[in-house]
Amino acid sequence: PPVLTASVLDLWNWRFKVGHAKGEFVPWKVECISTMTGTDAEVMFHMLPCAMQNAAGPLIIRVFQADILLQDRRDKELAQLLTDLAALFARFRELFEHVDSLVDSQVF
């Protein structure tokens with residue numbers, strides 16, 4: 001199943017490159033622990049969605065609580081959640097803009 005594949009190949013199959021452990025979680029600062037082809041294209045193919053999931057992580061619980069914010073009319077908190085989601089989608093776009101330069105479709 002795709003979820004099991006993603007969890008094995010992406011979520012648990014990375015480490016920071018030497019010297020980047022305290023840095024931002026972006027694909028070019030992490031590497032796969034195990035690959036099938038050993039190519040940079042494969043690493044980036046897996047690390048781009050991993051970086052996107054890492055960026056989304058802090059918002060997951062808040063998204064699942066959005067209905068409570070609506071029911072309780074907590075408009076300021078809901079507005080902040082929507083603002084944070086918009087920023088997250090902008091971050092996704094920033095990360096995904098690197099696909100063509102990082103993932104060579106002829107290689108992987």
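A residue counts as buried with under 20% relative accessible area, exposed with over 50%, and partly exposed in between (1.4 Å probe, protein chains only). The model is a predicted one, so local features need pLDDT of at least 70 and side-chain atom pairs count only at pLDDT 80 or more, while totals for chains, interfaces and linings use all residues. Residues are numbered from 1 along each chain as its sequence is written, and side-chain values use heavy atoms, with hydrogens and water left out.

Now for the overall build. The chain has six helices and two strands; these are DSSP runs, with helices being H or I of at least four residues and strands being E of at least two, numbered from the N terminus. Starting at the N terminus, the elements come in the order α-β-β-α-α-α-α-α. The radius of gyration is 17 Å, well over the 13 Å that the globule rule gives for 108 residues, so the chain is more spread out than a compact globule. (This radius is taken over C-alpha atoms, and the globule rule is 2.2 Å times the number of residues to the power 0.38.) Along its principal axes, the C-alpha trace spans about 50 × 30 × 30 Å. Buried residues make up 28% of the 108 residues. Contact here means heavy atoms within 4.5 Å, and among the contacts with a separation of 6 or more, 51% are between residues 24 or more positions apart. The chain exposes about 7600 Å², and carbon and sulfur atoms supply 61% of that area; accessible areas come from the Shrake-Rupley method with a 1.4 Å probe, and for residues only the protein chains shown count as cover.

What about the inside? In soluble globular proteins, nonpolar side chains tend to be buried together. A nonpolar core is a set of buried Ala, Val, Leu, Ile, Met, Phe, Trp, Tyr and Cys residues joined through side-chain atoms within 4.5 Å. The largest such core in this model has 23 residues, and Met-47, Leu-81 and Leu-88 touch the most other members. At least two residues each come from β2 (30-32), α2 (40-56), α4 (66-71) and α5 (75-96), and α2 gives the most, with eight. Setting aside neighbours within four places in sequence, Met-47 is in contact with Leu-9, Asp-10, Asn-13, Trp-14, Pro-27, Val-30 and Cys-32.

His-46 also sits in helix α2. With a relative accessible area of 6%, His-46 is buried. Not counting residues up to four places away in sequence, His-46 touches Leu-9, Asp-10, Cys-32 and Phe-108. Together with Phe-45 and Val-107, Phe-108 makes a nonpolar surface patch of about 260 Å². Patches are made of residues with over 30% relative accessible area and no salt bridge; like charges are joined within 9 Å, and nonpolar side chains (Val, Leu, Ile, Met, Phe, Trp, Tyr) within 5 Å.

On to the charged side chains. Side chains of opposite charge can pair when their charged atoms come close. The structure holds six salt bridges, each being a side-chain nitrogen of Lys or Arg within 4 Å of a carboxyl oxygen of Asp or Glu. One of them joins the side chains of Glu-31 and Arg-15 (2.9 Å, N to O). Glu-31 lies in strand β2 and Arg-15 in strand β1 (residues 14-16), so the pair ties together parts that are 16 residues apart in sequence. Both are partly exposed, with relative accessible areas of 26% for Glu-31 and 42% for Arg-15.

Another salt bridge brings together Glu-24 and Arg-91 (2.7 Å, N to O). This pair links distant parts of the chain, with Glu-24 in the loop between β1 and β2 and Arg-91 in helix α5, 67 residues apart. Glu-24 is partly exposed at 44% relative accessibility, and Arg-91 is partly exposed at 21%. Glu-77 and Arg-74 also meet in a salt bridge (2.8 Å, N to O). Here Glu-77 is partly exposed at 40%, as is Arg-74 at 32%. Salt bridges that share partners also join Glu-24, Arg-91 and Glu-94 into one network.

Arg-73, in the loop between α4 and α5, has a phi near 55°, a positive value in a residue other than glycine. Arg-73 is exposed, with a relative accessible area of 71%.
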